[in-house]
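Subject: Model for your files, with notes

Hello,

Please find the model below. My notes on it come after.

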2 protein chains.
Amino acid sequence: MATRTKTSKSAAAAYKLANLPVDGRTRVVIERVTPELDGGRFPIKAVPGDTIPVEADIFLDGHDKLAARLLVKHADDPDWTEVPMVFINNDRWGAAFSVEKPGLYSYTFEAWVDHIASWQHEVSLKVAAGQRITSELKAGAVFADGMAEKAEGDDKPTLEWVAGLFREGAEEYNEIQYNEAIRVAQSEQFTDLLNRYPERQHASRFGRELIIDVDRPKAGFSTWYCLFPRSASQEPGRHGTFRDVEKLLPRIEAMGFDVLYLPPIHPIGQAFRKGKNNNVMSEPGEPGVPYGIGSELGGHTAIHPELGTLDDFKHLIAIAKNHGMEVAMDLAIQVSPDHPWAKDHPEWFKKRPDGTIQYAENPPKKYQDIYPVYFETDDWQSLWIEMKETMLTWASWGVRIIRVDNPHTKPFQFWEWLISEVKKVYPDLIFLAEAFTKPKVMQQLAKRGFAQSYTYFTWRNNKRELEEYMTELTQTEMKSYYRPNFWPTTHDINPYILQSGHEPQFLIRYLLAATLSSNYGIYGPSFELMEHLPFPGKEEYIDSEKYEIRHWDWNRTNRLTYLIGLVNRLRRENPALQTTNNLTFCRIDDDALMGYLKVTGNNRLLMVINTDAYNRRAAMIQVPTWQLGIADDQEYTVFDLLTGAYYTWKGQWNYVELDPYLLPMHLLKIEV
Amino acid sequence: MATRTKTSKSAAAAYKLANLPVDGRTRVVIERVTPELDGGRFPIKAVPGDTIPVEADIFLDGHDKLAARLLVKHADDPDWTEVPMVFINNDRWGAAFSVEKPGLYSYTFEAWVDHIASWQHEVSLKVAAGQRITSELKAGAVFADGMAEKAEGDDKPTLEWVAGLFREGAEEYNEIQYNEAIRVAQSEQFTDLLNRYPERQHASRFGRELIIDVDRPKAGFSTWYCLFPRSASQEPGRHGTFRDVEKLLPRIEAMGFDVLYLPPIHPIGQAFRKGKNNNVMSEPGEPGVPYGIGSELGGHTAIHPELGTLDDFKHLIAIAKNHGMEVAMDLAIQVSPDHPWAKDHPEWFKKRPDGTIQYAENPPKKYQDIYPVYFETDDWQSLWIEMKETMLTWASWGVRIIRVDNPHTKPFQFWEWLISEVKKVYPDLIFLAEAFTKPKVMQQLAKRGFAQSYTYFTWRNNKRELEEYMTELTQTEMKSYYRPNFWPTTHDINPYILQSGHEPQFLIRYLLAATLSSNYGIYGPSFELMEHLPFPGKEEYIDSEKYEIRHWDWNRTNRLTYLIGLVNRLRRENPALQTTNNLTFCRIDDDALMGYLKVTGNNRLLMVINTDAYNRRAAMIQVPTWQLGIADDQEYTVFDLLTGAYYTWKGQWNYVELDPYLLPMHLLKIEV
């Protein structure tokens, strides 16, 4: 006994020096997980109700069977929920789970050698080969004992009975019990028990816990309307107010929008104030640019007095809510030279060698009316904290959606910190990144926490461009973290394709935005009235309301306003339009006709659009009937939700014809 | 003063609670590094002299310029070597470095905002726009001061002069100095200085240090010859010995091989010994299977006495070295029931319910002559350490190459530990994985440390299969960690395609192996003599020397032996054949003619092979002239190194014709 202890101790000492792993019997490898962003550095995104399919390579040495579980939990849950994984092929395993509530979920994986399943497989092979398996039954009895120890309810006596059966069957003289034992050993019922009470010895755990950031549903499905409140007055010549905006709400609600986005509503600086059409000099009385934020009346937490008071703004938020709309504010981290920060926090700005604060430049252009905030300041901490306080102030007013102007000119780290910090207090905050810049920079902002992102949609016009871009957004890794928000125009962008003012072109751009992406927005009065005249040579508007107060005819209606109301209603009624990644393109051998199927549950929509705004196009479309469970010789009805027309189609290939002057799209509901 | 300190303290306290990052001014993102295996979990592989190209996405917010460095060091180096990275496109940066000596190298990345380059760019834009840049020159003087502080040698006074020049140029009255200052600010010389003394403030470091495992050159370029020493006797009927093997060395050396691989050379068990053609019963006097390792004479560290003594084996190793050959041993972790481990370490084996050790099975087949080692034993630590001791013993005999039999039936963790532990003592050890199993398992073994791996080449016969497989090996991530070793046949595999014995087929399979892969091997006497008769219905040999002693005619020569000697000489003389990933396939519009270019330095080889062993094929081949710097109308000479023929070719498309009965390959040296 003494000798044994001694040997054991010296062995333990030798093992210590041998760099051995904790458990050398852990045999299963888990790797190449999807989705997984940058090795787990960033969360993927979802909204409640989403089903998340995950996959991993899972395998081990030798010929044993393995079992694998996906482990999932919400940050509030004490325990992991386990989902059995299913073998796909080539050592690839998959599972899926739904996320039910906002917040952070974690997921990871566990897998182990399934000795009992290996034993069951071996039994089947030997029985099929006519071998007698008494030794195997004895081993099976030990497995069944182990399972019985863990079993609950009725399973316990069942497993104890099985163990007894296997033992009796292993006796030489007991042929009836033997036959019953080998039947039970190979039965589905025994397999079920085995999956309920697995051995799990020496299990492998995937090395990381991956995160899913589940936002509230609005992050995934939203319909934005942008307006400048100063242009909301119905009396020409009078500065609009929040009260004027309230009067417009019934009309905007009737058109089906649920986010009312306002460019900055703060006091506007006087120093170097810009005039009409971005003139470097303003005339006395010109209202200035809302992005030239801050005056002696206050900065990012003050309200421009000509719009009303803070109470008026809160009142607007409350009334908008009654109309089913949330008010989104605009965060532009830059100041006018008159902003309080310029006086109180000169350390937040870059100095020129003469000690003055450096205004914005894009050489050779100069923007004397704007001081950019200097994020490399030695006192970056106080700047960050001030920005957080600003967001908390806005949120305290009732704001839960924030559009961020040019986030790509501020450090990524800052956004990651800011968004995660303020969401700790207000988890329902949604940030939209207004970055029109290089693809990897736009992607990075989304990874760092922006719930929605502007896109290149504004410049993707022809069929090939659109199909390529949608494929990138919905089929690559981007689908798991980048939520597109499509805008045909914005108050900054009057795209060349719409500068003709051609009505069918406006319809096309609108219909694409509203049916390709579950999040989209319009630059309100301008777009619906098909404003199109550019500042000469630029993708900007002439007489832009960024630089002056506009008076819009808020009562005018036209084909586009009719269509907007209709399509927004269809978006509310059809779940297939409430998510973006459920997209499949259809084959149409025409370079302008584009068809795409969106399916959610049994809501099956087929959009066919003519991207040629000037010519009638006709072709055959291939309906992905294999995805819809429609047989090749089967007739079915497609119902055009835009026109009320019915068509009877058959099998895969069907005829479509679209005249852009009549209506450039079929929005077909497939009824099977 | 007191007040300030107080504010400062309370600010520091507030910052502490704010979850702020260490340095919020770190703006550059570094991600999507290639090569990087599983987030840095596994090293990539190289041999001395290899150039490793690396790339990463590197970008930052806003419009500033950035600078990036690749950092590299060998484990013995105290400091990092820095390699400037070059912008490629779309935020992708690249660099390359050479590894010079065996061992572990690390690499990582550092990048920072290059304010001086941003300043220089701004100066250029403003100067081009005719703006006066006095303020910028003052800022430039501060930059130059900072650079001068860090500068060495002549650069110091130069930068001090530059700083002075910028200051003088910034004065209102000094027009000559101003012009000189703006010239210098934009000069290449200033850019050079700036790259030598960068600011590097708030630099971003890539989060991981990635590893390169640099093996000695043999890992990348080796030519294997397998023989069973017991069949080495030149007298029929006598058991071969190590001394007999020594007599064969001049012939094997003349054929150009540099690794002599011997199947297990340990005592062979008697219990359940297999007979000729894997007969379950052996006749008295039959020699048994070398893979049935161990008898009362010893196990994995003993020598089968009929082959000679340990000293004889060491003598063989020494003599082989004189002939330019290394001896590779065969590690099969399994034992005969007579192996000492079965008695001394019964805990290393799995027991059946009756307490006996469980022999190997592949149900319904039984292998009573073999006990597999049970890696899930509670005493796995002592088993692992014994295996390590065994490897160290072999290495102490002078062995530095080990072929591992069926590594895929032992845990991955075990191999990773074993290989890294023994390489700490003998860094020049090379392990070859003999795994013919699922792709991800084979890949995993390579990731865990095997320097070379067997492949599916043995079953990749037609052009399409070969091009697809080579593309997978040389163009995907596998290229960075999986070193293929191509074998047309092995002592275990007589592939169907060679069972006809058709000579051109043997030539084709040989030429493919020897020119596609820098590591290849042949199952010596059998392959060169075109042995081909199968055990009926199987991909195995009839009368395999695994089960009996064969007597080979060691003096016979034929077309194949001639070609082997020639091609092995060409492999030694042409660096392009000494590496595998330098491969480019050429377009040939024929489904059997295959062309591939291999270029290393100015050694340019073009292989054209007819994979149809029965028909003459002719077609035009497209030479990748763009890769070779050959103009479309340029004439050049291709010299067939196999036949001595010269051809004058011109531009891209040239005629090739190959008759498999004459010679199925052109091995063309392109002379430009």
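The notes cover conventions, domains, sheets, helix pairs and some backbone details.

This is a predicted model: local features need pLDDT of at least 70, side-chain atom pairs count only at pLDDT 80 or more, and totals for chains, interfaces and linings use all residues. Residues are numbered from 1 along each chain as its sequence is written, chains are lettered from A and ligands numbered from 1 in the order in which they are written, and side-chain values use heavy atoms, with hydrogens and water left out.

Domains of chain A

The domain assignment gives domain 1 (27-114 + 202-214), domain 2 (115-198), domain 3 (223-292 + 306-340 + 400-574) and domain 4 (583-671) in chain A. Such bounds come from an automatic or database domain assignment. Between domain 1 and domain 3 of chain A, the C-alpha centres are 38 Å apart. Their contact (heavy atoms within 4.5 Å) takes 12 residues from domain 1 of chain A and 12 residues from domain 3 of chain A.

Sheets

Helices (H or I, at least four residues) and strands (E, at least two) are DSSP runs, numbered from the N terminus. Two strands pair if DSSP finds at least two bridges between them. Axes are lines fitted to C-alpha atoms, for helices over the stretch in contact, and angles run from 0 to 180 degrees between N-to-C directions.

In chain A, an open sheet of four strands has the order E1-E3-E7-E6, with antiparallel pairing. Its edge strands are E1 (29-34) and E6 (86-89) of chain A, each of which pairs on one side only. From one strand to the next, the twist averages 35°. E6(A) and E7(A) (residues 92-98) are joined by three bridges in the antiparallel sense, and A:Asn89 stands opposite A:Arg92 in E7(A). A helix of the other chain packs on this sheet: H12 (residues 439-447) of chain B touches E1, E3 (51-59) and E7 of chain A, and its direction makes about 105° with that of E1(A).

Chain B has an open sheet of seven strands with parallel pairing, in the order E20-E19-E18-E13-E12-E11-E21. E20 (452-453) and E21 (519-523) of chain B stand at the edges with a single partner strand each, so one side of each has no neighbour in the sheet. E11(B) (residues 222-226) and E12(B) (residues 259-261) pair in the parallel sense over three bridges; B:Leu260 in E12(B) is the bridge partner of B:Tyr225. Helix H16 (residues 559-573) of chain B lies across E11 and E21 of chain B and runs at about 160° to E21(B).

Helix pairs

Angles under 35 degrees count as roughly parallel, over 145 as roughly antiparallel, 65 to 115 as roughly perpendicular and the rest as oblique. A crossing is left-handed if the near helix is turned anticlockwise from the far one by less than a right angle, and right-handed if clockwise. For residue classes, Ala, Val, Leu, Ile, Met, Phe, Trp, Tyr, Cys and Pro count as nonpolar, Asp, Glu, Lys and Arg as charged, and the others, Gly among them, as polar.

- H2 (residues 115-128) and H3 (residues 134-150) of chain A: the axes come within 11 Å and cross at roughly 150°, so H2(A) and H3(A) are roughly antiparallel. The crossing of H2(A) with H3(A) is left-handed. Residues in contact include A:Trp119 in H2(A) and A:Phe143 in H3(A). By class, the contact of H2(A) with H3(A) has six nonpolar, two polar and three charged residues.
- H11 (residues 412-425) and H12 (residues 439-448) of chain A: the angle is about 25° and the axes are 9 Å apart, which makes H11(A) roughly parallel to H12(A). H11(A) passes H12(A) in a right-handed crossing.
- H10 (residues 380-396) and H11 (residues 412-425) of chain B: the angle is about 40°, with the axes 10 Å apart, so H10(B) and H11(B) are oblique to each other. Their crossing is right-handed.

Backbone details

Most residues other than glycine have a negative phi, and most peptide bonds are trans. The peptide bond from B:Thr34 to B:Pro35 is cis, with omega near -10°. B:Pro35 is in the loop between strands E1 (29-34) and E2 (44-46) of chain B. Also cis is the bond from B:Pro363 to B:Pro364, with omega near 5°.

Regards
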